[in-house]
Amino acid sequence: MYGFILVLGFALLSLGIAGLVASRHFVVMVLSVEIMLVASALVAMDAYGYFLGGGILPLLFVIWAIAAIDVIALMVFYRYLGKLKMSMDVTELSRLREE
Amino acid sequence: MIYIIASMLAALILVCASLIFILKDVLHVALALSAVFFVNSLIFLVIGQPLLALIQLFIMVGGVSVYLFVGVAAAGYSHFKYTNYWVLAIVAIAIFSALLYGVYLHGLSGPAAGQPPSAYTTAQVAVSLSSKYTLIAIYSIALMLFLVALSAIPLLNRLRVM
């Protein structure tokens with residue numbers, strides 16, 4: 001069962017990295033990082049549970065805290081870009097330098 | 001039976017994660033991410049980690065997803081095809097294959113060879129947090145999270161968004 005969870009974590013991690021590479025939408029790119037954080041929680045629970053016993057819990061708290069901060073930062077930039085009527089296409093974000 | 005349920009949940013979480021790159025409306029994308037968080041907590045529950053499932057549910061679904069909904073729903077726009085599906089599939093399969101090769105085929109002893117960890121309990125949380133330094137670290141994380149959220153307000157004001 002736990003090897004299965006490790007494979008699932010790998011699959012989610014791969015999907016997150018691939019999403020980061022293949023997308024050019026600002027929001028989706030940040031949400032790809034969220035998927036990677038979900039995968040890291042699964043893999044961390046699966047892998048480190050064998051070596052550290054209950055010591056993995058603080059690491060999981062850190063991972064969840066990073067995920068929460070990630071979303072807060074995303075919302076700040078999302079609202080900012082929305083206010084400027086900017087496209088969410090990262091290939092067009094270079095226009096920000098003209099502001 | 002547990003394997004069947006876990007397999008179904010694994011398929012579901014991969015579908016929900018893929019929907020993030022397929023859907024065009026940002027609000028729908030946020031919904032798909034919330035579904036990922038929710039199914040992830042169900043997976044924790046199925047594999048016998050109810051404490052992690054509850055924490056995942058409270059933090060990620062209850063807090064982060066609701067915040068994401070409010071933010072996205074308040075300024076939902078931008079519909080365009082943003083993902084190159086071929087690149088997504090090729091990169092995902094390549095990285096997944098490399099990870100599997102490294103763990104299972106290249107002689108590295110993965111966790112599957114050992115004994116599965118027992119379910120984390122609140123007692124283990126207390127053990128984990130018994131060191132005052134760990135406790136300070138956890139409080140620092142909570143404080144940092146709160147300060148980031150709080151500092152977002154003057155930042156948005158400065159950017160003339162709010």
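Start by selecting chain B: its secondary structure is 6 helices and 0 strands, where helices (H or I, at least four residues) and strands (E, at least two) are DSSP runs, numbered from the N terminus. You're looking at a predicted model, in which local features need pLDDT of at least 70, side-chain atom pairs count only at pLDDT 80 or more, and totals for chains, interfaces and linings use all residues. Residues are numbered from 1 along each chain as its sequence is written, while chains are lettered from A and ligands numbered from 1 in the order in which they are written.

Next, pick residues 2-22 and 26-46 of chain B. These are helices α1 and α2, packed at an angle of about 160° with their axes 8 Å apart (axes are lines fitted to C-alpha atoms over the stretch in contact, and angles run from 0 to 180 degrees between N-to-C directions). That makes α1(B) and α2(B) roughly antiparallel, the word for angles over 145 degrees.

Now zoom in on V36(B). Leaving aside neighbours within four places in sequence, V36(B) is in contact with I35(A), V38(A), I13(B), C16(B) and A17(B); contact means C-beta atoms, placed from the backbone, within 7 Å.

Last stop: the largest nonpolar core, with 64 residues. Such a core is a set of buried Ala, Val, Leu, Ile, Met, Phe, Trp, Tyr and Cys residues joined through C-beta atoms within 7 Å, and buried means 20 or more other C-beta atoms within 10 Å of a residue's own. Select L12(A), V27(A), I35(A), L42(A) and V36(B), which have the most contacts inside this core. Then colour α2(A), which gives the core its largest share, 13 residues.

Note on methods:
Parallel < 35°, antiparallel > 145°, perpendicular 65-115°, else oblique. Buried ≥ 20, exposed ≤ 12 C-beta atoms within 10 Å, placed from the backbone. Contact = placed C-beta atoms within 7 Å.
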